[in-house]
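Hi,

Here is the structure I said I would send over. Have a look at it first, and then read on for my notes.

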Amino acid sequence: MSTTQVETAKVDPAAWRSVWAVLVGALAVIFDTTIVAVALHTLATELHTSVATIQWVSTGYLLALGVTIPITGWAQRILGAKRLWIIALSIFLLGSVLSSLAWDAPSLIAFRVVQGIGGGVMLPLMSTIVMQAAGGRGIGQIMSVVSLPAVLGPILGPVIGGVILSHLHWSWLFWVNVPFCVVGLVLAAIMLPKDGPVHRAPFDLVGFVLMAPALVALLDGLSNTSRDGGFGRADVIWPLVIGVVLLSGFIAWALRRRARALVDLLLLRHWPLSSSSILLFLSGITLYGAMLVLPLYFQQLRGMTPLTAGLLLIPQGAGTFISRSFAGKLSDRIGARWLAVAGFAIVALGTLPFAFAGLHTNEILLMAALLVRGFGMGIVTVPLMALAFRGLERAEVPDASIISRIATQVGGAFGTAVLAVILEGALGAATTSGGAVAAFQGAFWWSFGFAGVGVGLSFLLPGRVRD
């Protein structure tokens with residue numbers, strides 16, 4: 001069979017069973033992050049604490065992800081993918097139930113850390129399971145489905161959170177996860193293939209001690225930039241410095257240990273993986289950075305409720321939904337380069353109207369722009385996620401999943417931090433409504449610029465890669 005025939009061949013039905021089995025459980029993890037993000041003010045009020053304290057409900061979850069993502073490859077080797085998925089989803093379910101029953105802020109923060117431990121394993125493991133099940137066939141088609149929660153979560157999560165906060169008790173922010181987790185566990189038990197023989201693998205303790213704290217420090221430092229002082233704060237500078245030093249140490253250690261490292265960084269010699277990781281970092285900036293500014297534009301500048309703002313963002317999710325299917329199929333046929341170029345250009349086009357938007361800009365025009373923006377994000381994300389795994393051996397997939405997940409996670413945190421600092425600084429200097437409008441326009445120009453950088457960098461991606 002020719003390479004083209006292999007790439008466009010019908011996906012094995014067994015691979016689709018694995019996709020649907022992990023997708024249901026993953027929906028809970030990905031949506032939970034953005035649902036809670038809109039509820040921090042309500043949680044602070046209901047639990048009688050400050051916003052600064054309740055912020056750890058999100059930060060603790062994020063840091064737990066940073067600790068557990070790097071160990072996923074090792075854990076899979078000693079437990080098997082199916083067993084590890086069921087264990088991780090069970091931990092996330094336990095954390096969700098406990099969070100629903102939390103009685104004060106410290107208990108809720110602790111239970112969110114439990115959720116993060118399970119979720120941190122599930123995010124890279126999901127990609128590993130489906131890519132290994134695909135066996136190199138129809139990677140783009142499969143990623144068009146697997147990536148759906150990741151691209152829709154930041155868009156639909158605030159809507160779901162707004163509905164819950166408007167009509168139900170805050171505990172339903174976490175109870176809503178339970179049906180997904182239970183159904184996901186049943187599907188995983190029935191539909192995921194049985195694990196083959198597992199073997200004892202030495203745990204790279206030195207690598208873990210370097211990499212996990214590095215990710216935690218970087219994510220913690222970036223999350224603190226949203227407070228007064230931005231990147232000039234001590235609790236931003238020191239975590240970032242420590243994170244960079246530890247990460248540099250891990251890189252040196254991993255290159256020396258090669259395949260015995262916690263994460264095999266020598267895989268980055270594979271240009272499809274390294275180039276896609278760079279662009280996934282940038283897409284994280286483009287998507288999550290703008291998802292901070294867009295709701296604030298509708299709420300702070302135009303006085304809308306969180307629910308109304310969330311509903312206005314639905315066209316962006318609709319655009320992503322429309323483009324993801326054919327983006328996956330085209331990715332299998334023509335590769336990622338030209339799709340990424342076009343996708344980032346469309347994202348820039350969809351962002352541009354917001355760079356000129358004011359207090360009374362027509363909402364229909366802005367919703368149309370969001371539809372275009374979402375369409376572009378679908379075209380960008382699916383081919384990049386597929387490209388990361390093209391040409392890899394089955395044993396290399398777990399480490400590639402970790403690398404691509406970290407790139408996306410840190411890119412999202414970086415994008416959110418940069419735009420938060422830019423926006424807060426401009427708003428702090430604004431004394432009139434015109435100044436506030438200019439502040440938001442400036443933030444959107446930065447988002448437009450990130451998308452423009454994505455267009456340029458996309459030309460560095462390889463053409464069609466043999467699976």
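Which loop holds His-48? His-48 sits in the loop between helix 3 (40–46) and helix 4 (51–54). Helices here are DSSP runs of H or I with at least four residues, strands are runs of E with at least two, and both are numbered from the N terminus.

Two bits of housekeeping. This is a predicted model, where local features need pLDDT of at least 70 and side-chain atom pairs count only at pLDDT 80 or more, while totals for chains, interfaces and linings use all residues. Residues are numbered from 1 along each chain as its sequence is written, and side-chain values use heavy atoms, with hydrogens and water left out.

His-48 has a positive phi of about 55 degrees, although it is not a glycine. Most residues other than glycine have a negative phi. His-48 counts as exposed because its relative accessibility is 74%; the cut-offs are under 20% relative accessible area for buried, over 50% for exposed, and partly exposed in between, using a 1.4 Å probe and protein chains only.

Arg-258 is another non-glycine residue with a positive phi, near 55 degrees. You will find Arg-258 in the loop between helix 14 and helix 15 (271–301). With a relative accessibility of 46%, Arg-258 counts as partly exposed.

Now the whole thing. The protein has 21 helices and 0 strands. Its C-alpha atoms fill a box of roughly 65 × 50 × 45 Å along the principal axes. The radius of gyration is 21 Å, which agrees with the value near 23 Å that a compact globule of 467 residues would have. That radius is taken over C-alpha atoms, and the globule rule is 2.2 Å times the number of residues to the power 0.38.

Of the 467 residues, 56% count as buried. The protein exposes about 18200 Å², with carbon and sulfur atoms supplying 70% of that area (Shrake-Rupley method, 1.4 Å probe; for residues, only the protein chains shown count as cover). Among contacts (heavy atoms within 4.5 Å) between residues at least 6 apart in sequence, 83% join residues at least 24 apart.

On charge, there are 27 positive and 18 negative side chains, and the centres of the two sets lie 10 Å apart. Lys and Arg count as positive and Asp and Glu as negative, while His and the chain ends are not counted. Each charge is placed at NZ of Lys, CZ of Arg, CG of Asp or CD of Glu.

Next, the aromatics. A search of the whole structure turns up 16 aromatic pairs. Rings of Phe, Tyr and Trp (its six-membered ring) pair if their centres lie within 6.5 Å; planes under 30 degrees apart are stacked, over 60 edge-to-face, and the rest tilted. One of the pairs is Trp-338 with Phe-459: the ring centres are 5.6 Å apart and the planes are at 85 degrees, so this pair is edge-to-face. Trp-338 lies in helix 18 (residues 337–355) and Phe-459 in the segment after helix 21 (433–458), so the pair ties together parts 121 residues apart in sequence. Phe-459 counts as partly exposed, at 44% relative accessibility. Elsewhere on the aromatic list, ring pairs link Tyr-297, Phe-298, Phe-354, Phe-440 and Phe-444 into a cluster.

Where does Arg-233 lie? Arg-233 is in the loop between helix 13 (205–223) and helix 14 (234–257), and counts as partly exposed at 22% relative accessibility. Leaving aside neighbours within four places in sequence, Arg-233 is in contact with Asn-224, Arg-227 and Asp-228. The C-alpha atoms of Arg-233 and Gly-221, 12 residues apart along the chain, are separated by 9.2 Å.

- Ile-87 is in helix 7 (residues 81–100) and is partly exposed at 39%. From Ile-87 to Leu-185 is 98 residues in sequence and 9.3 Å in space, C-alpha to C-alpha.
- Gly-452 belongs to helix 21 and is partly exposed at 37%. Gly-452 and Ala-348 are 104 residues apart along the chain, with their C-alpha atoms separated by 6.4 Å.
- Ala-318 is part of helix 17 (residues 314–334) and is partly exposed, with a relative accessible area of 31%. Ala-318 and Phe-375 are 57 residues apart along the chain, and 7.7 Å separates their C-alpha atoms.

Cheers
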